[in-house]
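Reader: I am new to this structure. Please take me on a close look at a single part, the place where the two chains meet, and then show me what lies around that part.

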Amino acid sequence: MKKLKNTGAYAYLLPSFLIFGIFLFYPFFKTLYLSLFKTNKMGQAKLFVGLGNYKELLQSSSFWNSLAVTLIFVVIVVAVSMILGLTTAVLCNKTFPGIRFFSTAYALPMAIASSSAAMIFKIMLHPSVGIINKIFHLDINWVSDPKYALICVAVLTAWLNSGINFLYFSAGLSNIDETIYERASVDGASSFQKFYRLTLPGLAPMMFYTLVVNIIQAFQSFGQVKILTQGGPGESTNLIVYSIYRDAFFNYRFGSAAAQSVVLFLIVLVLTLVMFKIEKKGVKY
Amino acid sequence: MSQIGSITAEKEKQMALERQKFQEAKAKMLAQQKYNLVNKGGAGEALSMGIYGWFFEEFMCKQGLEYVDNGNGREAAAEKVVFDENGGALNILNEWKKLYDAGYAPNVGRGGDSGLADFSSGKAAITLGSTASLKQILQDVNGSFEVGTAYFPSITDDDKGGVSIGGASLWMLDNQDDAKKAATWEFVKYLVSAESQAYWNAQTGYFPVTTAAHDEQVFKDNIAEYPQFQTAIDQLHDSAPEYAGALLSVFPEARSIVETEIENMLNGKQSAEDAVSKMASDMNKSIEDYNLLNE
């Protein structure tokens with residue numbers, strides 16, 4: 001009887017394993033395999049170079065630049081998007097007339113595709129006919145200036161991610177018991193103290209989850225770079241995913257692209273493990 | 001200039017001049033520069049030239065110089081670039097830098113279409129672009145000023161070369177299916193028919209590949225209304241097959257390298273000579289890798 005029960009369970013898991021197998025596990029192992037070769041233009045592994053691709057990567061200044069740029073990008077995106085999401089969630093915490101409109105507006109970035117938003121931003125940031133330069137009376141070529149290009153892409157991404165952060169934080173806020181605020185008022189707490197000592201710790205589990213998800217998502221940003229800057233100017237927005245795309249589908253160097261993918265995977269893996277370790281200490285349920 | 005599943009048309013580069021903003025009193029022709037540039041006679045900028053690898057290739061063709069070895073890649077697969085050896089690249093980069101430093105050709109971004117917005121909005125006096133964008137420009141300008149066209153500029157007055165063609169093209173894949181092959185061929189014949197080519201030219205500015213298209217009424221009417229379309233056709237007839245440009249296995253990557261190095265040069269990160277040698281070394285490495293892995 002017991003054996004039958006277990007087989008039943010595994011049978012239910014089969015469909016999902018099939019999908020995972022085709023779309024997740026097979027590409028994963030194929031990428032590992034390809035990263036040990038140099039490929040021809042059709043993507044077939046031609047020359048076994050072992051760790052040669054990785055060695056070339058570690059010696060390439062372009063790759064280190066990608067890593068540095070990606071790290072700066074992730075920090076800006078995660079910080080700005082979480083602050084934006086938290087602010088909007090706190091603003092929409094208590095009902096007021098017209099809250100429907102505002103909460104829809106704050107959650108709207110979730111529904112916008114990153115490519116469409118990037119195209120709109122491209123026109124807005126145009127130095128001659130763009131609205132940003134017209135409103136602030138500036139003459140800066142935003143996406144062609146190495147100083148500002150990364151900030152533009154980061155702000156756009158942060159705004160796009162703020163929608164879902166608003167949702168997460170709203171859910172987290174609604175989990176906090178209302179009565180503790182009343183008790184704190186009786187004790188004479190100011191609203192700042194209430195926020196800092198009651199809201200934030202109450203949000204800690206949700207914040208941790210949002211942080212992990214945001215970091216992983218920021219590492220995978222692609223559409224905005226492809227449309228706005230194509231990795232330029234001067235590689236200042238050459239995020240690692242974009243660099244992988246260029247190497248694979250533009251330069252037809254699948255081996256090197258696969259090696260970069262593996263490195264990206266390791267970085268995100270290490271980061272996630274570190275975050276989970278910290279969670280054990282920091283987050284109280 | 002959409003190239004997805006589009007009709008065969010050889011496209012040309014041409015300049016669009018803006019005569020309305022020309023103020024005689026303020027115009028001063030640069031004595032040293034030997035090519036025709038309308039100066040800042042009231043325009044916001046003289047020339048809006050995007051950082052586009054294709055322009056670099058055209059400038060090489062206009063000088064009559066080769067891009068890669070082995071007969072510009074046409075006699076055998078290219079093994080290395082020669083634009084550094086024959087000095088063509090340095091000429092181009094020096095002139096580009098001069099224009100940028102003098103403030104005549106600011107950095108308007110990468111890609112072939114990046115200079116068009118400045119021109120259509122009336123900020124730039126001249127822009128470089130494909131004939132394929134001519135219709136778009138005329139529509140965007142919508143009569144607010146007169147639009148003229150001229151040949152693609154050469155680097156010096158002595159340049160003997162001509163322009164090469166490029167752009168949208170038709171390809172048929174061999175799927176070992178005879179029915180599909182026949183059907184595709186019928187479609188191709190339709191697309192290159194005189195009628196289709198005349199319509200295609202009138203609607204976009206793409207150069208018609210069928211000479212019979214010149215006799216179509218649609219074509220003649222379009223030329224009568226917009227004589228600007230004729231410039232590209234004259235320009236190609238004034239060129240010659242030996243200036244047809246290079247064949248190169250890693251062209252997308254090469255073009256990207258050219259754009260990156262020019263961008264770095266304009267941003268002051270390197271001199272023109274360094275840019276040329278970096279371009280050459282990066283491209284040679286890619287060509288080597290490609291030839292090694294693809295027989």
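Author: What follows starts at the interface and then moves out into each chain.

First, a caution. This is a predicted model. The values below are computed from that model.

Start with the contact itself. On one side stand 22 residues of chain B, and they are in contact with 20 residues of chain A. The area buried between chain B and chain A comes to about 1700 Å². Carbon and sulfur atoms give 46% of that area. In chain B, three residues lose the most area to chain A: E253(B), L293(B) and N294(B). Together they make up 28% of what that side buries.

Now look at what crosses the interface. The rule finds one salt bridge between chain B and chain A. The side chains of E253(B) and R253(A) meet in a salt bridge, with 2.7 Å from N to O. E253(B) is also among the residues of chain B that lose the most area to chain A. Polar contacts cross as well. Four residue pairs are in polar contact across the interface, with both residues at pLDDT 80 or more.

Which elements of chain B supply this side? Helices α4 (116–120), α10 (251–266) and α11 (272–293) of chain B each give at least two residues to the side that touches chain A. The most comes from α11(B), with six residues. The side of chain B that touches chain A can also be read by class. It has six nonpolar, eight polar and eight charged residues.

Next, follow R253(A) into chain A. R253(A) also forms a salt bridge with D247(A). The closest N and O atoms of that pair are 3.5 Å apart. R253(A) has a relative accessible area of 25%, so this residue is partly exposed. D247(A) has a relative accessible area of 9%, so D247(A) is buried.

Chain B has a salt bridge of its own to look at. The side chains of E95(B) and K98(B) meet at 3.2 Å, N to O. Both residues lie in helix α3 (residues 88–101) of chain B. They are three residues apart, about one turn of the helix. E95(B) counts as buried because its relative accessibility is 13%. K98(B) is partly exposed, with a relative accessible area of 43%. Over all chains, a search of the whole structure finds 14 salt bridges.

One more of these belongs to chain A. E56(A) forms a salt bridge with K38(A), and their closest N and O atoms are 3.1 Å apart. E56(A) lies in helix α2 (residues 52–59) of chain A and K38(A) in strand β1 of chain A, so the pair ties together parts that are 18 residues apart in sequence. E56(A) has 39% relative accessibility, so E56(A) counts as partly exposed. K38(A) is at 15%, so K38(A) counts as buried.

K38(A) leads on to the strands. Strand β1 (residues 37–39) of chain A and strand β2 (residues 45–48) of chain A run antiparallel, joined by three bridges. The bridge partner of K38(A) in β2(A) is L47(A).

S66(A) is found in helix α3 (residues 61–91) of chain A. Its relative accessibility is 0%, so S66(A) counts as buried. What does S66(A) touch, not counting residues up to four places away in sequence? Its partners are N238(A), I240(A) and S243(A).

Finally, step back to chain A as a whole. Chain A has twelve helices and two strands. Along the sequence, the pattern is α-β-β-α-α-α-α-α-α-α-α-α-α-α. The C-alpha atoms of chain A fill a box of roughly 75 × 75 × 30 Å, taken along the principal axes. Chain A has 285 residues, and buried residues make up 40% of them. Take the contacts in chain A with a separation of 6 or more: residues 24 or more positions apart account for 66% of them.

Note on methods:
Residues are numbered from 1 along each chain as its sequence is written. Chains are lettered from A and ligands numbered from 1 in the order in which they are written. This is a predicted model: local features need pLDDT of at least 70, side-chain atom pairs count only at pLDDT 80 or more; totals for chains, interfaces and linings use all residues. Side-chain values use heavy atoms; hydrogens and water are left out. Contact means heavy atoms within 4.5 Å. Buried area is the accessible area (1.4 Å probe) that two parts lose on being put together, summed over both. A salt bridge is a side-chain nitrogen of Lys or Arg within 4 Å of a carboxyl oxygen of Asp or Glu. A polar contact is a pair of N or O atoms within 3.5 Å; within protein, one must be able to donate a hydrogen and the other to accept it, and residues adjacent in sequence count only if both atoms are side-chain atoms. Helices (H or I, at least four residues) and strands (E, at least two) are DSSP runs, numbered from the N terminus. Ala, Val, Leu, Ile, Met, Phe, Trp, Tyr, Cys and Pro count as nonpolar, Asp, Glu, Lys and Arg as charged, and the others, Gly among them, as polar. Two strands pair if DSSP finds at least two bridges between them. Buried means under 20% relative accessible area, exposed over 50%, partly exposed in between (1.4 Å probe, protein chains only).
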